[in-house]
Amino acid sequence: MTMVGMSDVLYRKYRPQRFEDLTGQRAIVTTLTNQLLFGSTAHAYCFSGPRGVGKTTIARLLAKALNCTQRASDSAEPCLECAQCLAMTQGNSLDLIEVDAASHTGVDHVRDAIIAATRVATAGAKYKVFIIDEVHMLSISAFNALLKTLEEPPSHTVFMLATTEAQKMPATILSRCQRFALRPILAEAMMGRLGFIVKKEKLTVDGPALEEIVRSAGGSMRDALSLLDQVVVFAPQGAGRDAVRELLGLLSQETVASFMAVLKANDPKTIVSEVVKYLEKGGDLSQLARDLQERCHLLLQVKAGLESFPGEDLAELSRSAKAYSFDELERNIRLLGRCLEEMRKSPCPQAVFQAFCLRMSQPGVDIASLSRRLEALERKISQSGGAQKSVPPEVSSAPPDPPAFKPPDPLPPPPVSSEFSADPKPDSSERIDADLLRTQWPSFVQEVQKAKPSLGHCLEDAEASVTAEGSILLTFSFPTF
Ligand SMILES: [Zn+2]
């Protein structure tokens, strides 16, 4: 997510100094603290995961614990008081070298700052620790230089590589590291940490506001704390959920829910005028589309049976979700995705948005019932095909070796426009004839459109063909409805 302006006062202030202060990543913390307790730490680690989930925080903690001179033998926690701990906390330790590969991608820098540094003894600490952030950004030659060191690491060095894109890392480097994949931090854990900070700082930010912050942060503790910083500045007298949504540029849930209701009512005039009204109030259509998509996603999850939605009124969501089918919500999510994409490219996003709103308001086709209908259709065409086998001129399924010319048959023309419930012939074959399908398909679709416009519209987009087994195959270019 994009922050309104990065602010990291709280993030810096509350950066964990002990393993027990870390939010989330418990399995990784347990493994590392056990290694510290048993003296079985490695010479190279790779921490991967999305931004703001604690990669460099864990690396720094590990560095501190490794070099702490007063760490109790039965604890993995650094003492935070010895000279090594203090130097690392203050950022002036000569034995903790941090490199941001995103800004130093040259091979020379790696060679000078890392490779050469590994050759000199530590400046007093037990280990010289190198933390290389965003390591996937290194050039190939820089990786090669690093690889040489990792192949035979001096006993006093520890490399801690951090990356948001582990898939871009050379396998040769990864195979020499102990790898830890950090996950986005769970909402519950983030709520606990934010609640602790709010209490400690005596901030007036209520629970629903915190829930909204957690939801927007998407598992990143750094984003959550940045946002909390901004919320405090934005609403110093006290912030609720609406203040957070306003700060994030999000619409209130009520606005989004009422727009969903407008779409559901399927009245084109109201839909178009609501869009115009929204624009006149200075609304951002892309934001509305994103919020509608998020709302559909929420309702889909409620229908699927999920119950934990921080900051949401579950009773209200359940009530709203009842009005929609799975197919409808899935279709809306997909259509809104396409809408956002097309709005970006269009010189007239308003027209695109209105068109998609009208499309969404049309009742969707239920796949299961569509399938049943198509089967019925297949049977009818098949029966109808059988009825025509005796009609000579253009029907290719005529008996073998027909005469070169046959006078016009006295039989009436095939019942093209009549209903497909034409009397089935007992001897009619189950196989569909391709030519028959081709000639009769358009009129069939027309008939369907008269009776069931939505299904007819859907069939119009389909390409009908006959399979080797003689069944009708309908091909829809994705997405169709
Ligand atoms: Zn210490």
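At what angle do helix α8 (residues 187–201) and helix α10 (residues 221–234) pack, and how far apart are their axes? Before selecting them, note that this is a predicted model, in which local features need pLDDT of at least 70 and side-chain atom pairs count only at pLDDT 80 or more, while totals for chains, interfaces and linings use all residues. Residues are numbered from 1 along each chain as its sequence is written.

**The helix pair**

Select residues 187–201 and 221–234: α8 and α10 pack at an angle of about 40°, with their axes 11 Å apart, where axes are lines fitted to C-alpha atoms, for helices over the stretch in contact, and angles run from 0 to 180 degrees between N-to-C directions. The crossing of this pair is right-handed, the term for a near helix turned clockwise from the far one by less than a right angle, anticlockwise being left-handed. At the crossing, show M190, R193 and L194 of α8, which meet M221, A224 and L228 of α10; contact here requires C-beta atoms, placed from the backbone, within 7 Å.

**The whole chain**

Zooming out, the chain holds 20 helices and seven strands, which are DSSP runs numbered from the N terminus (helices H or I, at least four residues; strands E, at least two). Of its 481 residues, 30% are buried, a class that takes 20 or more other C-beta atoms within 10 Å of a residue's own, against 12 or fewer for exposed and the range in between for partly exposed, with C-beta atoms placed from the backbone. Among contacts between residues at least 6 apart in sequence, 73% join residues at least 24 apart.

**The parallel sheet**

Next, select the five strands that form an open sheet in the order β2-β3-β4-β1-β5, with parallel pairing; strands pair if DSSP finds at least two bridges between them. The edges are β2 (96–100) and β5 (178–181), each of which has a single partner strand, so one side of each is left without a neighbour in the sheet. On average, and ignoring direction, neighbouring strands of this sheet are turned by 15° against each other. Within the sheet, β1 (residues 44–48) and β4 (residues 157–163) pair over five bridges in the parallel sense, and S48 has T163 in β4 as its bridge partner.

**The hairpin**

Move to residues 462–466 and 472–476, strands β6 and β7, whose pairing is antiparallel over five bridges. S465 stands opposite L473 in β7. Five residues lie between the two strands of this hairpin, and G470 in the turn has a positive phi of about 90°.

**Positive phi in the loops**

Most residues other than glycine have a negative phi. Select L80, with a positive phi near 70°, in the loop between α3 (55–67) and α4 (83–90); L80 is partly exposed, with 14 other C-beta atoms within 10 Å. N266, whose phi is near 55°, sits in the loop between α12 (253–265) and α13 and counts as partly exposed, with 13 C-beta neighbours inside 10 Å. Continue along α13 (residues 268–280) to G282, which follows that helix and has a positive phi near 85°.

Finally, colour by pLDDT, the predictor's confidence in each residue, from 0 to 100: the chain mean is 82, and 84% of residues reach 70 or more. Values stay under 50 over residues 1–6 and over residues 388–428, for which the model has 37 contacts beyond four places in sequence. Where pLDDT is low, the predicted coordinates should not be read in detail.

Note on methods. Two residues are in contact if their C-beta atoms, placed from the backbone, lie within 7 Å.
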